[in-house]
Amino acid sequence: MLAKLLVTVFGIFLIVLVNWYFFFSRRKEVEALQEESRFQEVRVTVKGGYEPDVIVVKKGIPVRLNFYRDETADCSDTIVFGDFNIRKPLPAFKTTTIEFTPEKEGEYEFTCGMGMLKGKLIVR
Amino acid sequence: MAKDLVCGMEVNEEEAAASSLYKGKKYYFCAETCKQKFDENPEKYIEAEDSKGEEVGEEEEEKESKPVEEDSPELEKKAESKGERIDLPIVGMSCASCASTIQKGLSKIKGVDKASVNFATSKATVLYQPQLVNPADFISTVRKSGYEVGTASIEIPIQGMQCASCVQSIEKALLRKRGITKASVNLATEKARVEYIPSETSLAEIKRAIEQTGYKVLDIPPEDELEDVEMIVRVKEYKKLKRRFFIGLILGLFIFLGSSPRLFPWVPPFLNNFFVLWVLATPVQFWIGWQFYKGAWGAFKHRNADMNTLIAVGTSAAYLYSVAATLFPSVFESGGLRPEVYFDTSAMIIVLILFGRLLEARAKGQTSEAIKKLIGLQPKTARVRRKGQEMDIPVEEVLVGDVIMVRPGEKIPVDGVIIRGKSSVDESMITGESMPVQKEVKDEVIGATINKMGSFEFQATKVGKDTALAQIIKLVQDAQGSKAPIQRLADVIAGYFVPIVISIAILTFIIWFNFGPSPALTFALLNFVAVMIIACPCALGLATPTAVMVGTGKGAESGVLIKGGESLETAHKLNTIVFDKTGTLTKGEPEVTDIMAVNSYEEKEILKYGASAEKTSEHPLGEAIVRKAEKRKINLTEADNFLAVEGHGIEANVEGKTVLMGNAKLMRDRNIDIRGLTGYAEDLARDGKTPVYIALQGQAAGLIAVADTLKENSAEAVEKLKKLGLEVVMLTGDDRRTAEAIARKAGIDTVLSEVLPEDKVHTIKRLQSEGRKVAMVGDGINDAPALAQADVGIAIGSGTDVAMEASDITLIKGDLQGVVAAIDLSRRTFKVIKQNLFWAFFYNTVGIPIAAGVLYPFFGILLNPIFASAAMAFSSVSVVSNSLRLRRIKLKV
């Protein structure tokens with residue numbers, strides 16, 4: 001009986017943990033840098049996800065995101081910024097540049113082609 | 001003779017008083033003192049000499065680059081006195097007024113002394129003050145007026161950049177260089193993107209400019225080699241995967257045999273030992289299955305979960321349980337359980353999934369074959385004639401206006417128009433047309449097609465990213481990257497899929513553990529693993545993209561360019577197809593169909609006088625008559641006293657005879673008796689033809705009927721479209737009688753005639769308001785608004801003009817069979833998409849509950865995790881293979 005209770009409680013705890021970790025946990029934010037160029041730039045490594053995956057940029061300044069895909073796994077072969085109508089293939093072991101200018105403050109999600117890998121662009 | 005760099009004297013190498021070796025080069029001097037000075041600071045002298053040389057070189061170039069142009073002698077003088085001069089090749093000027101528009105725009109820019117645009121040479125010459133204005137402004141001005149500057153652009157890899165300031169210095173150095181209009185250096189990609197005017201500078205000079213700032217320029221890899229990095233890694237990975245799979249298969253078989261002594265009693269007993277099984281299973285788990293852990297950990301770090309997570313967690317659970325049972329059997333026994341191991345489960349799952357991945361990798365490689373083929377078509381070099389000299393240059397450096405020579409068997413490098421010679425050209429790779437096409441002077445040739453027989457020279461009209469092939473590649477690439485709207489649901493689900501499956505698996509474990517039959521722990525574990533393993537988000541994600549890729553690729557091979565998944569999805573729902581008449585159903589060029597002679601004149605005579613009189617006419621009917629006479633090789637004579645009778649016809653003198661040509665009213669006005677012809681004329685008119693009466697010396701001589709005839713395949717295409725269940729409608733500005741005559745011939749029942757061009761859009765809207773899904777077929781220029789309004793706009797192309805923005809589907813060939821092929825292809829592709837999605841949804845929604853054991857209480861059915869892994873492996877392979885079927889279909893053409 002005790003074993004059953006333990007399994008149940010631990011199992012439910014695990015389910016909550018899994019969902020919290022993948023959907024709701026806070027991620028590290030990284031701010032885009034603007035060094036002597038017109039763009040605020042960030043280099044993002046794509047390998048099983050995006051590193052960094054929360055990018056903070058300023059409103060009204062052109063953004064240049066350099067995605068380096070460090071794997072051949074097909075899951076990450078496309079990057080999608082739905083709110084900016086951007087959908088671009090990311091060739092493996094190469095850097096793909098995405099440029100746009102965010103005009104409105106807010107949080108914008110970016111994902112892989114299937115929506116399984118996720119990242120967030122925060123415009124302030 | 002060498003030059004003494006210090007004093008400037010000419011010295012003979014053999015008699016030189018002294019010499020010095022510096023950086024691998026030998027320098028000669030007239031005296032020892034000069035050598036001493038040089039040795040103290042060699043750079044100073046070499047630099048001074050180099051810059052002198054450059055000045056001289058530039059002066060010479062300057063002179064060379066000033067072609068004698070009668071219209072700008074005064075420009076020349078000014079240029080020498082102050083300021084600079086630049087020549088910009090302009091693309092897209094169709095008339096002299098375009099030239100003046102550009103000229104005005106350029107002249108207004110501050111810092112421009114004078115601008116002149118020459119329509120004939122397609123060149124703008126600008127004299128400007130470099131300190132006040134940058135040539136880049138000229139380009140943006142030209143673009144604002146709606147024209148293009150013939151610039152080339154190239155990506156140059158640079159080595160050694162460390163910081164953003166390096167970027168700045170390279171950009172600045174490049175922009176200072178004459179002829180470079182745009183330079184942007186990206187630190188991350190380590191590349192400079194340079195836009196330049198090839199007549200003003202060259203690649204070598206650009207490279208030199210970068211190197212002078214202290215950075216190294218790497219060789220520019222051609223586009224297809226860039227792709228290869230990925231290819232090489234993939235091939236390597238594929239080989240590794242294959243090797244591991246076979247080793248895994250052998251180990252897995254031993255484990256499998258050893259795990260079921262009841263099934264295989266003949267297996268030597270030592271294989272049944274748990275420790276032996278453990279030893280065999282460990283390399284499978286952590287060496288062969290390492291990629292799952294690697295992938296899962298990579299995703300986990302980023303708070304993502306994917307296929308690897310499911311497989312790694314699922315197999316680890318089975319493996320670790322078995323290890324525990326091997327090491328501490330007493331713990332299990334004390335709990336009333338028989339210690340059992342599931343090494344076969346974990347190992348076979350890994351082997352089967354690897355097998356699935358192998359098949360999938362192979363199949364997926366094939367989905368992008370069409371685009372690879374297209375990229376492979378790109379020619380590498382062109383033989384151009386510049387300044388009277390033939391030279392082979394990289395195709396990227398070919399300019400609009402260059403004269404290019406093509407010999408038999410060679411690939412035509414860019415798009416252009418033949419100016420000398422004739423040949424037959426194999427255009428199958430672009431248009432899908434299998435027969436070689438005859439080409440002569442003034443005919444268009446398409447880049448990447450192959451010259452078969454003769455040699456010819458042509459003038460380039462489109463280069464770089466504007467060529468038909470480049471546009472096709474871009475269109476297909478965009479299309480292949482797109483998704484059909486129907487995929488959206490699958491994507492939304494895929495985003496939540498894995499964590500939810502993990503949750504379901506844990507829940508399954510809890511329920512089986514709490515309420516399941518004995519041994520509860522074993523059931524709980526196996527069903528937990530089965531749920532984790534059977535779930536397959538990949539099938540969901542691959543359903544649409546693979547089908548869209550194969551479908552659009554297949555289309556491109558047959559000359560049908562589809563804009564994307566959305567167009568495909570709409571095209572399969574169509575029920576009405578509207579054809580524009582002129583130029584779409586018909587050839588768009590009237591031709592002589594009948595000739596009738598009366599009053600003892602002969603057909604040939606009528607044609608001769610008629611055509612001679614019309615020779616100077618610009619009326620399409622007149623042109624048709626002249627063409628017919630030329631075709632019959634009738635010698636035409638000069639006409640004089642030519643007079644056009646507005647709206648009715650013409651009058652002229654040919655070989656002393658008065659010729660009167662025109663409609664019945666003209667004849668009646670001039671009291672010419674045409675009673676013998678009117679009956680015949682009416683028959684012709686009923687047939688949709690336009691009769692032109694001819695009178696010679698005041699007497700009726702006959703009539704010539706002119707009509708815009710159907711294209712060869714129109715009727716056949718309409719027939720096939722009807723068979724596909726579409727209602728075919730013809731739209732035209734012609735009067736009802738003519739329209740109906742043509743429609744009858746084409747087999748079209750519904751005719752909308754006398755529709756003004758601007759009303760075409762409303763007509764489409766009206767049809768849509770009746771609840772129809774309408775496709776509009778027309779040319780991309782005049783019909784653009786109607787094409788955009790229609791649910792699916794199908795633009796009929798002609799040769800090199802593939803960039804049609806308003807359309808969803810573009811046919812490279814003018815042939816209407818392409819419409820049938822396009823609709824057939826969309827329907828079939830969409831069918832495959834639906835099958836894939838259905839399968840992927842069905843598989844997961846049925847597979848997961850079965851794996852969780854919902855059937856057990858009712859039928860006692862449980863899914864062995866090994867079967868679950870086999871099902872999973874084959875579900876994504878089956879989706880990809882189903883899409884690949886599209887490659888082999890035969891389109892209804």
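For the complex, the predictor gives an ipTM of 0.82 and a pTM of 0.71. Chain B has an average pLDDT of 82, with 91% of its residues scoring at least 70. Among the elements of this chain, the highest mean pLDDT, 93, belongs to helix H9 (residues 274-288) of chain B, and the lowest, 43, to helix H3 (residues 73-81) of chain B. The pLDDT is below 50 over residues 53-81 of chain B, a stretch that has 21 contacts in the model beyond near neighbours in sequence. Where pLDDT is low, the predicted coordinates should not be read in detail.

Helix H11 (residues 307-327) of chain B packs against helix H13 (residues 343-367) of chain B at an angle of about 155°, the axes lying 7 Å apart; because angles over 145 degrees count as roughly antiparallel, H11(B) and H13(B) are assigned to that class. The crossing of H11(B) past H13(B) is left-handed. H11(B) contributes residues including Ile311(B), Thr315(B), Ala318(B) and Tyr319(B) to the contact, while those from H13(B) include Phe343(B), Ile349(B), Ile350(B) and Arg357(B). By class, the residues of this contact comprise nine nonpolar, five polar and one charged.

In the second pair, helix H18 (residues 520-534) of chain B and helix H30 (residues 817-852) of chain B have axes 8 Å apart and pack at an angle of about 170°, and are therefore roughly antiparallel to each other. Asn527(B), Ala530(B), Val531(B) and Ile534(B) of H18(B) meet residues of H30(B), among them Tyr843(B), Asn844(B), Gly847(B) and Ile848(B). The contact of H18(B) with H30(B) has seven nonpolar and three polar residues, and no charged ones.

Technical notes
Residues are numbered from 1 along each chain as its sequence is written. Chains are lettered from A and ligands numbered from 1 in the order in which they are written. This is a predicted model: local features need pLDDT of at least 70, side-chain atom pairs count only at pLDDT 80 or more; totals for chains, interfaces and linings use all residues. Side-chain values use heavy atoms; hydrogens and water are left out. Axes are lines fitted to C-alpha atoms, for helices over the stretch in contact, and angles run from 0 to 180 degrees between N-to-C directions. Helices (H or I, at least four residues) and strands (E, at least two) are DSSP runs, numbered from the N terminus. Angles under 35 degrees count as roughly parallel, over 145 as roughly antiparallel, 65 to 115 as roughly perpendicular and the rest as oblique. A crossing is left-handed if the near helix is turned anticlockwise from the far one by less than a right angle, and right-handed if clockwise. Contact means heavy atoms within 4.5 Å. Ala, Val, Leu, Ile, Met, Phe, Trp, Tyr, Cys and Pro count as nonpolar, Asp, Glu, Lys and Arg as charged, and the others, Gly among them, as polar. pLDDT is the predictor's confidence in each residue, from 0 to 100.
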